[in-house]
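Dear colleague,

Please find below the structure that I am handing over to you.

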Amino acid sequence: MTRAKLTGPAGAAKTSAKSGTGGRAVAGGWRRQLGAALVPAIMLGGCINVNAPDKPIVIELNINIRQEVIYRLAEDAADTIEENADIF
Amino acid sequence: MRNFVRGGMLAAAAGAALAVGIAAPAMAQRDPAYAAARAAGKVGEGRDGYLGIVGQPTPALQRLVDDINIKRRAVYARKAQENNATIEEFAFTAGCQAISRTEPGEKYQAPDGSWKTRTSAPPDRDPRCP
């Protein structure tokens, strides 16, 4: 769930970047100035987005892997408990 | 024909070895101190697959729980490697099962981290549990 949120902002930043530089209808010099002003702002925004979610991403991966793996491990885990009845 | 016979003998030998291998540990029962602490609700099954202390820890209780958890971790590590999983994944799965197997009156840890007493109703487990 959170993962979708994390990838969401990254996608949005890209499309806004495209639409910023893609405004070709605007006159030449004006457009260049606007682009020069927008690019650092967009890059800065991108940097913040990438750095901030570092920790949540790690937790997220664990949860996603588990959900699939748990069912695969279930049978073996049950056997393990029965084989080691003294510590369970 | 000969191959078939030899295969059968091999299978029988493997089966006997397996039966001995499983039977020996299965015979082992809980240590009396562990069984008593469990029944008294001083220790409970954690949601992470390890034993936890419920309430006030004492040095003796801590030693008992540590001893069991070290052994559990060793088993989890071996089984996780066999299954190409992480220790945490295997431990969590075993925790799901261990909580299911608690008997009424014993303690277990709910998904929110709180300790609950098992009743005859199904335990409150993580939604990811099988």
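The notes below cover the contact between the chains, the nonpolar core, a pair of helices and a loop residue. Please bear in mind throughout that this is a predicted model.

The contact between the chains

The contact between the two chains draws 20 residues from chain A and 24 residues from chain B. On the side of chain B that touches chain A, the elements giving two or more residues are α1 (2–27), α3 and α4 of chain B. Of these, α4(B) provides the largest share of that side, with 7 residues. Sorted by class, the side of chain B that touches chain A comprises 12 nonpolar, 8 charged and 4 polar residues.

The largest nonpolar core

The largest nonpolar core has 25 residues, and those that touch the most other members are L73(A), Y76(B), F90(B), A91(B) and A94(B). At least two residues of this core come from each of α3 (54–83) of chain A and α3 and α4 of chain B. Here too α4(B) makes the largest share, 7 residues.

Leaving aside residues up to four places away in sequence, A94(B) touches A77(A), T80(A) and I81(A) in chain A, and G49(B) and Y76(B) in chain B.

Helices α2 and α3 of chain B

Two packed helices are described by the angle between their axes and the distance between the axes. In chain B, the axes of helix α2 (residues 32–39) and helix α3 (residues 59–82) come within 11 Å and cross at roughly 110°. Because angles of 65 to 115 degrees count as roughly perpendicular, α2(B) is roughly perpendicular to α3(B). The residues that meet are A33(B), Y34(B) and A37(B) from α2(B), and L61(B), L64(B) and I68(B) from α3(B). By class, this contact holds 6 nonpolar residues, with no polar and no charged ones.

A glycine in a loop

G105(B) is found in the loop that runs between α4 (87–100) and β3 (107–109) of chain B. Is this residue buried or exposed? G105(B) is exposed, because 12 other C-beta atoms lie within 10 Å, and a residue with 12 or fewer counts as exposed. Apart from residues up to four places away in sequence, G105(B) touches A39(B), G41(B), T117(B) and R118(B). G105(B) and G41(B) are 64 residues apart in sequence, while their C-alpha atoms are 7.2 Å apart in space.

With kind regards

Definitions and conventions. Residues are numbered from 1 along each chain as its sequence is written. Chains are lettered from A and ligands numbered from 1 in the order in which they are written. This is a predicted model: local features need pLDDT of at least 70, side-chain atom pairs count only at pLDDT 80 or more; totals for chains, interfaces and linings use all residues. Axes are lines fitted to C-alpha atoms, for helices over the stretch in contact, and angles run from 0 to 180 degrees between N-to-C directions. Helices (H or I, at least four residues) and strands (E, at least two) are DSSP runs, numbered from the N terminus. Angles under 35 degrees count as roughly parallel, over 145 as roughly antiparallel, 65 to 115 as roughly perpendicular and the rest as oblique. Two residues are in contact if their C-beta atoms, placed from the backbone, lie within 7 Å. Ala, Val, Leu, Ile, Met, Phe, Trp, Tyr, Cys and Pro count as nonpolar, Asp, Glu, Lys and Arg as charged, and the others, Gly among them, as polar. A residue is buried if 20 or more other C-beta atoms lie within 10 Å of its own, exposed if 12 or fewer, and partly exposed in between; C-beta atoms are placed from the backbone. A nonpolar core is a set of buried Ala, Val, Leu, Ile, Met, Phe, Trp, Tyr and Cys residues joined through C-beta atoms within 7 Å.
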